[in-house]
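Me: I have a structure here that is new to me. Can we go through it in short steps?

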Amino acid sequence: MQEINAIVCDDNEFFRKKIIKIVKEFFTNYKQYKIIIHEFEDYDDNFLKIIDDKNIRNKIYILDLITPHRSGVDIARIIREKDFESYLILITSFFEDNLKPVVSKMRNYLGYVSKDKNYKAELIDCFNYIIKNGFKITCFRIMSNNINFLVEIEDINYITINKKISTIYCQQKQLETNKPLSYFKMLGNDFIQTHKSCIVNKNNVEYFDISTRMIKFKNGDFLGLVSVRYAKELSQELTYKA
């Protein structure tokens with residue numbers, strides 16, 4: 001069973017309870033998920049700890065636009081500085097078009113829900129989108145040469161390690177980091193081992209040449225770091241030519 005953490009913040013207790021009820025009722029229909037509710041009336045220190053807690057995964061933030069001490073838009077920005085995958089929903093009693101561009105380009109931002117309209121239907125639309133698309137890592141930050149880079153996973157061709165330095169080979173750039181190769185297990189099953197010191201993003205592979213043990217990527221790059229140990233498995237995972 002997969003845990004989903006719904007973080008609900010609204011300074012109006014009556015409305016906050018109604019939101020929580022909608023969340024619980026919706027996810028009751030999906031037995032594969034265990035919904036955990038985190039309830040707040042303001043963006044206080046305990047709320048900020050939720051943002052920083054890496055052990056709390058699969059987050060849905062339902063954020064009041066205005067609370068006594070902070071803005072939901074400001075909180076959304078703080079969340080996105082540290083967390084790219086959680087879903088963001090802003091709740092408001094009014095709608096101002098000038099606020100829309102502030103958050104509309106944020107990753108996994110699902111929009112404003114108006115308290116004055118059919119907010120239950122709008123929330124359910126958001127939850128259906130989440131169920132359909134799921135929770136997955138699409139990017140991450142990495143330090144390389146003392147610069148903090150945002151790396152899109154779909155942009156990575158392969159990652160190697162040599163003398164405790166991992167090199168991320170993206171389609172247009174290379175980044176070096178002191179993270180071990182095991183760190184990149186977080187990238188999931190789309191990355192497969194080709195050698196004890198190399199993993200490959202199979203989504204970016206054009207073909208694997210079995211006879212030469214050479215991988216060609218869709219952007220034209222080649223990789224020859226394929227050991228005999230992994231060659232048979234690769235021929236099953238990748239498009240290949242004999």
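Me: Which residues are linked with R16 in a network of salt bridges?
Reply: K17 and E39 are linked with R16 in that network. Keep in mind that this is a predicted model.

Me: Where do R16 and E39 lie?
Reply: The R16 and E39 side chains form a salt bridge, 2.9 Å from N to O. R16 lies in helix 1 and E39 in strand 2 (residues 33-40), so the pair ties together parts that are 23 residues apart in sequence.

Me: And K17, how far apart are the closest N and O atoms there?
Reply: In the salt bridge between K17 and E39 they are 2.8 Å apart. That pair also links distant parts of the chain, with K17 in helix 1 and E39 in strand 2, 22 residues apart.

Me: Is R16 buried or exposed?
Reply: R16 is buried, at 6% relative accessible area. K17 is partly exposed at 40%, and E39 is partly exposed at 34%.

Me: How many salt bridges does the whole structure have?
Reply: A search finds 8. One of them joins K82 and D52, with the closest N and O atoms 2.8 Å apart. K82 is in helix 3 (residues 72-82) and D52 in helix 2 (residues 45-52), 30 residues apart.

Me: Changing topic: which residues gather in the patch of negative charge on the surface?
Reply: D11, E13, E41, D44 and D45. D11 sits in the loop between strand 1 (2-9) and helix 1 (13-27), and is partly exposed at 37% relative accessibility.

Me: Last one, what does the side chain of N157 contact?
Reply: The side chain of N204, through a polar contact of 3.4 Å. N157 is in strand 8 (residues 156-162) and is buried, at 1% relative accessibility.

Technical notes: Residues are numbered from 1 along each chain as its sequence is written. This is a predicted model: local features need pLDDT of at least 70, side-chain atom pairs count only at pLDDT 80 or more; totals for chains, interfaces and linings use all residues. Side-chain values use heavy atoms; hydrogens and water are left out. Patches are made of residues with over 30% relative accessible area and no salt bridge: like charges are joined within 9 Å, nonpolar side chains (Val, Leu, Ile, Met, Phe, Trp, Tyr) within 5 Å. Accessible areas come from the Shrake-Rupley method with a 1.4 Å probe; for residues, only the protein chains shown count as cover. A salt bridge is a side-chain nitrogen of Lys or Arg within 4 Å of a carboxyl oxygen of Asp or Glu. Lys and Arg count as positive and Asp and Glu as negative; His and the chain ends are not counted. The place of a charge is taken as NZ of Lys, CZ of Arg, CG of Asp or CD of Glu. Helices (H or I, at least four residues) and strands (E, at least two) are DSSP runs, numbered from the N terminus. Buried means under 20% relative accessible area, exposed over 50%, partly exposed in between (1.4 Å probe, protein chains only). A polar contact is a pair of N or O atoms within 3.5 Å; within protein, one must be able to donate a hydrogen and the other to accept it, and residues adjacent in sequence count only if both atoms are side-chain atoms.
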